[in-house]
Amino acid sequence: MIVLRNVSKTFHAAAGPVTAVEDVNLNVEQGQIYGIIGYSGAGKSTLIRLLNGLEKPTSGSVTVSGKEIAQAKGEALRQARLKISMVFQHFNLLWSRTVSENIAFSLQIAGASKAAISKRVQELIELVGLKGKEHAYPAQLSGGQKQRVGIARALANNPEVLLCDEATSALDPQTTDAILDLLLDINRKLKLTIVLITHEMHVVRKICHRVAVMEAGRIVEEGEVLSVFTHPQQPITRQFVKQTAEYSSTNTPFNPELIDHAAGSVLKLTFVGQSTQQPVVGELTLKYGVPFNILHGKMTQTTNGTFGELWLQAAATGSVLENILADLHAHAITTEVVHD
C-alpha cells in the first residue's frame with residue numbers, strides 16, 4: 001500500500017542545508033493503522049507531507065497504492081491525492097460553513113453532483129456520530145465534534161489512505177479516546193489504511209498495529225506495537241513507553257521503601273498475550289512453599305494483544321530461585337532479577 005525507499009528530504013536555509021528526513025525505509029500494509037512517533041523536530045510532519053506529495057523528496061521513492069507520488073505532477077498528482085486524505089491537528093474547518101457544508105466542500109471541488117453530495121454527507125454524518133449537528137457552525141461545536149467534522153470531510157471522496165497529523169493533540173484525554181475509537185471503527189468498517197503522526201505513546205498503544213519511532217530525521221526503531229512496548233530497544237523508545245506506564249524504566253515504578261532487602265530477590269515479570277491469563281504466582285507459591293510479596297502490577301491492552309508487568313519480591317535464593325526463573329521461562333514469561 002505505502003512503500004518508502006531510501007527517502008531523504010533536505011531543506012536549504014540561510015544557515016545551510018537542513019536534513020529533515022534521512023534515508024527512511026518504510027512499508028505500510030493495506031488496512032493497517034500505522035503510527036509514526038517522535039518528538040518535535042524529529043521529521044515526522046515532513047514525512048507525512050512526502051506521503052501526499054506536498055513535499056518532494058530530495059532522494060528516494062514514495063509509492064502509494066502503486067503510484068509513485070514523488071514523480072507525479074499536474075493532473076496525475078491531483079488524481080493521486082484524491083485517494084490520500086488528511087486530518088489536521090487544528091481541524092482546518094471553514095468557519096462560515098455549517099457541518100454539512102464543510103463535509104460537502106471536498107466533494108464540490110471534485111465535481112460531484114448535488115444529489116451525490118447530499119447522500120454522501122448524510123452517510124458521513126451518521127458514520128462520525130454528528131447526527132443533529134448538520135446545520136451547526138464550527139464555533140458552536142466542541143473540539144471533539146470539530147475533529148469529527150474534519151474526519152468526515154477527509155473521508156468524503158472515499159480515500160484509500162487517511163493521514164492524521166497530530167489529530168488528537170489539541171484534545172483532552174477523554175475526547176482523545178473517543179476520536180481514537182472512531183478512527184479504529186472507521187478502519188474496521190472501511191478497511192482504510194491510516195498513517196498516524198503523534199508524539200503520544202498512548203495514541204499508538206490504543207489503536208496502532210505497527211509503529212515507527214523517529215529521531216533526528218531517521219527511523220530508529222520499528223515493529224508491532226506489542227513488541228515495541230514490551231521490548232523497546234532504543235533509549236528514545238524507552239522514554240516513549242514510559243509515558244504510558246513506567247514500563248522498561250531503570251527505576252522501579254513503586255516506592256522503593258516497599259522492598260524489604262532482607263526478604264529475598266525482587267523479580268520483574270513481563271507477560272505477553274496468553275501468559276497474562278496464567279495464575280503463575282499461586283502455582284509457584286504452592287510448588288515451592290515460598291511467599292511472594294506483590295510490589296506493583298499493571299495490565300495494558302494494545303491492538304496486537306495484552307501485555308503487562310508484575311514486580312514481586314520472593315524469599316528465594318540459590319537453586320530455588322534458579323528453578324523459579326526456569327518455571328517462569330517455561331510459561332513464556334520474561335523475568336529479570338532486579339535486586340538480590
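Leu 162 touches Ser 85, Met 86, Val 87, Ala 154, Leu 155, Leu 183, Leu 192, Thr 193, Ile 194 and Val 195, leaving aside residues up to four places away in sequence; contact here means heavy atoms within 4.5 Å. This is a predicted model, so local features need pLDDT of at least 70 and side-chain atom pairs count only at pLDDT 80 or more, while totals for chains, interfaces and linings use all residues. Residues are numbered from 1 along each chain as its sequence is written, and side-chain values use heavy atoms, with hydrogens and water left out.

Leu 162 also turns up in the largest nonpolar core, which has 52 residues; Ile 151, Leu 162 and Leu 183 touch the most other members. A nonpolar core is a set of buried Ala, Val, Leu, Ile, Met, Phe, Trp, Tyr and Cys residues joined through side-chain atoms within 4.5 Å. Buried means under 20% relative accessible area, exposed means over 50%, and partly exposed is in between (1.4 Å probe, protein chains only). The largest share of this core, six residues, comes from helix 6. There is also a second, separate core of 28 residues, with Leu 4, Val 64, Val 161 and Val 195 among them. In soluble globular proteins, nonpolar side chains tend to be buried together.

Now for helix 6 itself. Helices (H or I, at least four residues) and strands (E, at least two) are DSSP runs, numbered from the N terminus. The buried residues of helix 6 are Thr 176, Ile 179, Leu 180, Leu 182, Leu 183, Leu 184, Ile 186 and Asn 187. These buried residues pack against strand 3 (33-37), helix 4 (114-127), helix 5 (143-155), strand 7 (161-165), strand 8 (193-198) and helix 7. At the start of helix 6, a side-chain oxygen of Asp 172 reaches to within 3.1 Å of the backbone nitrogen of Gln 174. Just after helix 6, Lys 191 takes a positive phi of about 55°.

Asp 185 pairs with Lys 189, with the closest N and O atoms 3.1 Å apart. The two sit four residues apart in helix 6 (residues 173-190), so about one helical turn separates them. Asp 185 is partly exposed at 28% relative accessible area, while Lys 189 counts as exposed at 52%.

The whole structure has 14 salt bridges. In another one, the side chains of Lys 287 and Asp 327 meet at 2.9 Å, N to O. Lys 287 lies in helix 10 (residues 280-288) and Asp 327 in helix 11 (residues 318-330), so this pair ties together parts that are 40 residues apart in sequence. Lys 287 is exposed at 54% relative accessibility, but Asp 327 is buried at 18%. Elsewhere, salt bridges that share partners join Lys 9, Arg 49 and Glu 55 into one network.

Arg 205, in helix 7 (residues 201-207), is buried yet has no salt bridge, and the nearest side chain of opposite charge, Asp 177, is 5.9 Å away. For charge, Lys and Arg count as positive and Asp and Glu as negative, with His and the chain ends not counted. Arg 205 does have a polar contact of 3.1 Å with the side chain of His 202, joining side chain to side chain. A polar contact is a pair of N or O atoms within 3.5 Å; within protein, one must be able to donate a hydrogen and the other to accept it, and residues adjacent in sequence count only if both atoms are side-chain atoms.

How values were computed:
Salt bridge = Lys/Arg side-chain N within 4 Å of Asp/Glu carboxyl O.
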